[in-house]
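Dear colleague,

Please find the structure below, handed over for your own work.

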Amino acid sequence: MEVRLLGEVQLWAAGQLLDVGAPRQQAVLAVLSVDAGRPVAMDTLIDRVWDDTPPVEARNVLYSHLSRIRRLLGQAADRTGQRSVRIERRHAGYILDIDPDVVDLHRFCRLVEHGCDPWLADTDRAGALTAALRLWRGPPLAVLSGRWAAQVRSSWHQHRLEAAAQWAQVELRLGHPSVVITALHDLVAEYPLAEQLEGLLMRALHAAGRSAEALDRYTLLRQRLADDLGTDPGPELRTLHQCLLRGEPPPATPEPTITTSGSAPDNHGAGGDRHVGRPHPHELPRDTLGFTGRDREGVSPRPAPGRASEALPGTSLVGRQRELAQVLTLLAGNRLVTLTGPGGCGKTRLATTAMHLLLDAYQVMLVDLTPVRVPELVTETVATALGAPEQPGIDRVDTLVEGLADQDLIVVLDNCEHLVRAAAELVSRLLARCPKLVILATSREALRLAGEATYAVPPLATPDPDVPRTLAELAAYDSVRLFLDRAAEHAGLAFDDDDAQHIAALCAALDGLPLAIELAAARTPVLAPAQIVRRLQDRFGLLSFRGRVASADHHQALDAALAWSHDLLSGDEASLFARLGVFVGGFSVEGAEAVWQPAGTLDALTGLVAKSLVRAGRTGASTRFFMLETIAAFARTKLAADPEAEATTRERHAGFFLTWAEDAALDPTGAGFSELRVEFENLRAAMGWFAGSTDCTDELRMATVLSRYCRLHGHYREGRQWLVHALARSEGASADLRVKALTGAASLALSECDYERASRHAAQALELATVAGDQGQAGRVLVLLGAVARERADYRTALDHYHAAASAFHADGDQAGVAYSRQLAGATLWQAGDLDAASVFLTESLVALRERGDRRGAASSLAYLGAVALYRDDRPQARRLLDQALDVFGELEFKEGIAWALNLLGLVEHGDGNHNEAGRILRASLALHRDLGDRWRQASVLEALAAVAFATGDVDQAAWSLRQADEIRTAIDAPVPFIERAALARTHDVRHRNRQLPTDSTRSLDLDTSLGPPHVAWRDKP
């Protein structure tokens, strides 16, 4: 068996290439194989597979991909006679339990290590390095894109260059210059700026008696470097060139240290997992923590003068290994590093911890500017702390420079935000005149000096509170470990798994802010985690604790920390800051302008970002802004202090999102609704504002435009409640608006299997649309009526409705509507058992929807065609079609589509005899259908789970599943779809044989297969 990642992702077994499947499945295999034998956290796996921008439903889509890979690895192990290869769930993640040598990436690493062993003979070294280099077929992890994959690729390209350089040196020592020339010609073409490879090629050409060609190579390389990088060849290459010009023997070959167009990054992943052959930052010994290239001569390993050791907070730094390594790396290459971030994010503790790590090699001094209130005292404070004596008549900066000019010193300037200009002026003068001085500053905004390296200190990683985890699993998150550590100091209490969910919710609600978490932990002597969570509505009263938390006043209460930042804002910044509290889950520049004044918003927003109260990030081609919930809550308290401004701001907020949502809904394919997902929390807030206002029409407009989004993204009940409330208040609204609202209400009622109300709403809408002569709206209502009939197994009536809908859409010129009518007719024919006719209609709809660029609609046609293939017993084709559909549904976050595709894929696995995998996938499908409230499909999934349970011998579980399905069908009065009745009858036969149910208790209506598929009379009609 062999997993190949050095090029296209491939799985080989017994000399045969196996079909890994869709690109996303290849990506899952690749990510797990890079960390073969080590667990990969679920969140990390998802981020890497989906390029750091995973859809909300990535977990559910992932179940199917993992299932396919498990099955393939099992087949590969069977073919090769190897032990079973497993993908196991481990510590809230997954581990590929496989010999790493099966993966070419790991085998390459082992062979290179062998080839670099100086104790081996050169022939053995050359053989190992040759074998390693032959493993390369192209860029590693070619199926993956995104930041993590780019880092891994860059790092492993560097390993390849190092291996190639080692190989060339060994081959030259063995006297094989022609072999080196042939190989390096190709490699240099692939890496045209790799100087050492070019140097080795020149040596090989010289050894082969082709010195003129070697000199020509140097000339070409020099030109490339000048054109691409604006640099000259390095000193080793220049020396080699001079020797060849003079006809002298080349100097000794240096050890391989490849120079390329950019240095390779370390191999650390976005999720903090380790990778092949490279240590993680927390494993680095102290003497390797950065400072490469800095002159260490003359630096005595003694503690810094003053009280630096007393400046570290009384509690230890928890986690932050990655952040600490990044800060130390920045200090290694920059003389001014500023740690920025909001109050309470841990800037001071990170800076002082870095300071203490450096005490063995550098003089380090901490200067806290918190007590300083007058800008003119900044210089005096720093000079006093550093022990620079006053000299009458001499500028204080000059006395500082005199004392620091020859010292290799790192100064930590803590809490500069209230004195930014004065601090920046002093730092600028000191750095210009003290060449060995390095300054590490902490501030809520950057000093904005030339050469300044800024590092935004992120909050601690927080768990998803909706994902069940044990306390041991939660301890992998720094925020949870900080809470547990500090709670143990305050109360000494032991928490258990019953507290796990509440601790996760607490850390998430506090945004991972270390100060907030420490203050919450200080309450544990009197409040359990669940009680703290319930009291977070008054977080500023709750998180104020005069105790052993921090020394500075603004570190003793959460509101004080934020007030410290707020007091530094300009008038415009403070005014905008308060109004930004109305946003939920982020906002755009346009949104900020809508709630305040467009003329000054951009400048004020820029200031808030600079002061770390607002965070900026990219969403596609646009910038999106966020406030941590703790900061947003503080902003809302400021806004609430002015009721008139609050009312105006909320009205503007709601009006902006109503217009924005209506514009997004104009796209007939529903693609515009993908933007609504980003703003859904804001839309909810706007809906709440309209529901409490006197303008009933705007409430109905908003509820109507959101009904389609709620239908596509699974918010059935919420969207339905909005519409019912708005319709009851808006009887005087226009007929056009009420038709659309009633159609939305019918659609959402249908999704919840409330067929009576769905029919009633649809009938009212159809009557209004018919009176108004609105053919397009009539077609949409007829589609809904067809769906009601289809779910009740009245297939002939359903086809009549779809026929009428297609005619109405055709008359209205709506070809997309025609395509959807044919798609649903095909789905009806499939359920009725007419697979040939269903295939015709579904294929036609697939072509039409693809031509229109409607990815969601086309994916639905693919899923139905997958169902047709499944019931034709063509499971390979069914799997291919369903995998394609599932990927699209996942990207578009179409929960109903994901649930449906998983349902069918579970049946595929069951048909292939992979009953355990079938059970996993079907349970994921069932959970999604339950979240959606779709009881009609729940019943079918439960019946499929019963068949799987019988196949695995779990008779009790099978019987329970059948009872649950029967209760659902009775409650919604919907029979078993015709196409599923034969399989269900077989399941009941097994049940009878296991004596779980008397023969006469099976519902005869559900299992009646005497009715043939309905006659189709309109195949060639519009």
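Two strands pair if DSSP finds at least two bridges between them. Helices (H or I, at least four residues) and strands (E, at least two) are DSSP runs, numbered from the N terminus. By the pairing rule, strand 8 is joined to strand 9 (residues 409-414) by six bridges, and the two run parallel.

Two remarks on the source apply throughout. This is a predicted model, in which local features need pLDDT of at least 70 and side-chain atom pairs count only at pLDDT 80 or more, while totals for chains, interfaces and linings use all residues. Residues are numbered from 1 along each chain as its sequence is written, and side-chain values use heavy atoms, with hydrogens and water left out.

Overall picture

The protein contains 45 helices and 13 strands. Among contacts (heavy atoms within 4.5 Å) with a separation of 6 or more, 69% are between residues 24 or more positions apart.

Strands 8 and 9

Strand 8 covers residues 363-368 and is mostly covered, with five of its six residues buried. Within this parallel pair, Val367 stands opposite Leu413 of strand 9.

Three strands form an open, antiparallel sheet in the order 1-2-3. Strand 1 (2-4) and strand 3 (16-18) are at its edges with a single partner strand each, so one side of each has no neighbour in the sheet. From one strand to the next, the twist averages 30° (axes are lines fitted to C-alpha atoms, and angles run from 0 to 180 degrees between N-to-C directions).

Strand 1 is joined to strand 2 (residues 10-13) by three bridges, and Arg4 stands opposite Gln10 in strand 2. These two strands form a hairpin with five residues between them, where Gly7 in the turn has a positive phi of about 135°. Three bridges also join strand 2 to strand 3, with Leu17 in strand 3 as the bridge partner of Trp12. In this second hairpin two residues lie between the strands, and Ala14 in the turn has a positive phi of about 50°.

Asp887 is found in helix 39 (residues 875-892). Asp887 is buried yet has no salt bridge, and the nearest side chain of opposite charge, Arg24, is 4.0 Å away. A salt bridge here is a side-chain nitrogen of Lys or Arg within 4 Å of a carboxyl oxygen of Asp or Glu; Lys and Arg count as positive and Asp and Glu as negative, while His and the chain ends are not counted. Beyond its neighbours within four places in sequence, Asp887 contacts Ala22, Arg24, Val61 and His65.

Lys895 lies in helix 40 (residues 895-911) and is buried, its relative accessible area being 16%. Leaving aside neighbours within four places in sequence, the contacts of Lys895 include Glu57, His713 and Asp931.

Yours sincerely

How values were computed. Buried < 20%, exposed > 50% of the residue type's maximum accessible area, 1.4 Å probe, protein only.
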